Amino acid sequence: MPERTLAIVVLGGSRGIGRAIVARALAEGHRVFAGARDERALLALQQGAAPEGAGRLGTGAVDVGDDASQRAFFGAARAFLGGIDVVVNNAAREGYGRLDEMALEEVEAIVRTNLLGVILGCRHAAQAMGDGGGHIINVGSEVSFRAVPMKSVYCATKFAVRGLSDALELELAPRGIRVSQVHPGWVDTGLHEDERRRRGSVSRPHDGGVPVERVAESVAALWRAPRAQGGAPLRLRLRSVVGELFPAWARWRTRRAFGEQLREG
Ligand SMILES: NC(=O)c1ccc[n+]([C@@H]2O[C@H](COP(=O)([O-])OP(=O)(O)OC[C@H]3O[C@@H](n4cnc5c(N)ncnc54)[C@H](OP(=O)(O)O)[C@@H]3O)[C@@H](O)[C@H]2O)c1
């Protein structure tokens, strides 16, 4: 058991990385309130929680891109948890395709979920935490540092989450609210379903990607840490700096890595 049990909210907690974060938090003895749109997946999450975790897990349906939905969700979270110590903004959708061919509805849904959803999640978290302190953890991606083709809208939202997190880290510090970021590499989850559907396969990295449990552990390390942390590994920061210094080389490398997708269709 940790020294102090935390009250943790996980937005996008029903599947993939979010589900692993919920499991990690429960295993550490914390109280958790998880949200997503699909109520059946939330029920399955409840049923899958270990018996000792079940009493400490609450769930609520939420569409993060809708302010009224987030307000109701945070109200339910506060009622279940008492107060809120940590909010993990993890919900996102990816989308795959050339920008000019993507349906406008899909473009809007990605921005609404990944950017407006995180902005609203931070806003409701800050309102719930007040002056009592707390910790907001925003889930970015390695594409927050290196944009890739065919996922332009997704990349744009992930770059923006980085800017939002940097700004809020400064803005909320005087109130004792920490804002951290985590930027996972490729993980084999349902996030890539659109790419799988459109291409018949997904472009996984040579090493097979990162296990969900390792991302969940990185997030847990943040809520255990005494101060806000950037959460980006040195590798990503270096890649970003090298890309700034040698943009033509960085673009050549990315173009080569994604050559197959660019030639398709
Ligand atoms: N997988 C990767 O390779 C990878 C790499 C780097 C970063 N990430 C980031 O990690 C986070 C989790 O991704 P994942 O791979 O675990 O994705 P995932 O398996 O597709 O899970 C996404 C979660 O977000 C929820 N969600 C989606 N849209 C929502 C909405 N409008 N409102 C509320 N909840 C919503 C989903 O539930 P519902 O659909 O039921 O709402 C689900 O619980 C994302 O921020 C993603 O960008 C992923």
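Reader: Hi! What percentage of the 265 residues of the chain count as buried?
Author: Hello! In this predicted model, 42% of the 265 residues count as buried.

Reader: Thanks. How many helices and strands does the chain have?
Author: There are eleven helices and six strands.

Reader: And what does the radius of gyration agree with?
Author: A compact globule with 265 residues would have a radius of gyration near 18 Å, and the chain has 18 Å, so the two agree. Along its principal axes, the C-alpha trace spans about 55 × 40 × 35 Å.

Reader: What share of the contacts with a separation of 6 or more comes from residues 24 or more positions apart?
Author: Such residues account for 72% of those contacts in the chain.

Reader: Let's talk about the sheet. In what order do the six strands come?
Author: The order is S3-S2-S1-S4-S5-S6, in an open sheet with parallel pairing. From one strand to the next, the twist averages 15°.

Reader: Which helix packs on the sheet and touches S1, S2 and S3?
Author: That is helix H4 (residues 67-81), whose direction makes about 160° with that of S2. Helix H2 (residues 39-48) lies across strand S2 (31-36) and S3, and runs at about 175° to S3.

Reader: Now S4, please. Are Val-86 and Val-88 buried or exposed?
Author: They are buried on one side of strand S4 (residues 86-89), and Val-87 and Asn-89 are buried on the other, which leaves both faces covered. As a general point, side chains in a regular strand alternate between the two faces of the sheet.

Reader: How many bridges pair S4 with strand S1?
Author: Four bridges, in the parallel sense, with S1 covering residues 7-11. Within that pairing, Val-9 has Val-87 in S4 as its bridge partner.

Reader: How many bridges join S4 to strand S5?
Author: Four bridges join them, and S4 and S5 (residues 134-139) run parallel. Asn-89 has Asn-138 in S5 as its bridge partner, while Val-88 stands opposite Ile-137 in S5.

Reader: Which helix makes a β-α-β unit with S4 and S5?
Author: Helix H5 (residues 104-129) does, and the unit is right-handed.

Reader: What about the core? Which residues touch the most other members of the largest nonpolar core?
Author: Val-9, Val-22 and Val-88 do, in a core of 56 residues. Leaving out residues up to four places away in sequence, Val-9 touches Phe-33, Ala-77, Ile-84, Val-86, Val-87 and Val-88.

Reader: Changing topic: where is His-192?
Author: Look in the loop between S6 and helix H7 (193-199).

Reader: Why does His-192 count as buried?
Author: His-192 counts as buried because 21 C-beta neighbours lie inside 10 Å, and the cut-off is 20 or more.

Reader: Which residues is His-192 in contact with, leaving aside neighbours within four places in sequence?
Author: Those are Glu-94 and Val-202.

Reader: And how many residues apart in sequence are His-192 and Arg-93?
Author: They are 99 residues apart in sequence, and 8.5 Å apart in space from C-alpha to C-alpha.

Terms used:
Residues numbered from 1 in each chain as written. Predicted model: local features only at pLDDT ≥ 70, side-chain atom pairs only at ≥ 80, totals over all residues. Helix = DSSP H or I, 4+ residues; strand = E, 2+ residues; numbered from the N terminus. Rg over C-alpha atoms; globule rule 2.2 N^0.38 Å. Buried ≥ 20, exposed ≤ 12 C-beta atoms within 10 Å, placed from the backbone. Contact = placed C-beta atoms within 7 Å. Core = buried A, V, L, I, M, F, W, Y, C linked by C-beta atoms within 7 Å. Pairing = 2+ DSSP bridges. Right-handed = clockwise from strand over helix to strand, strands pointing away. Axes fitted to C-alpha atoms, helices over the stretch in contact; angles between N-to-C directions.
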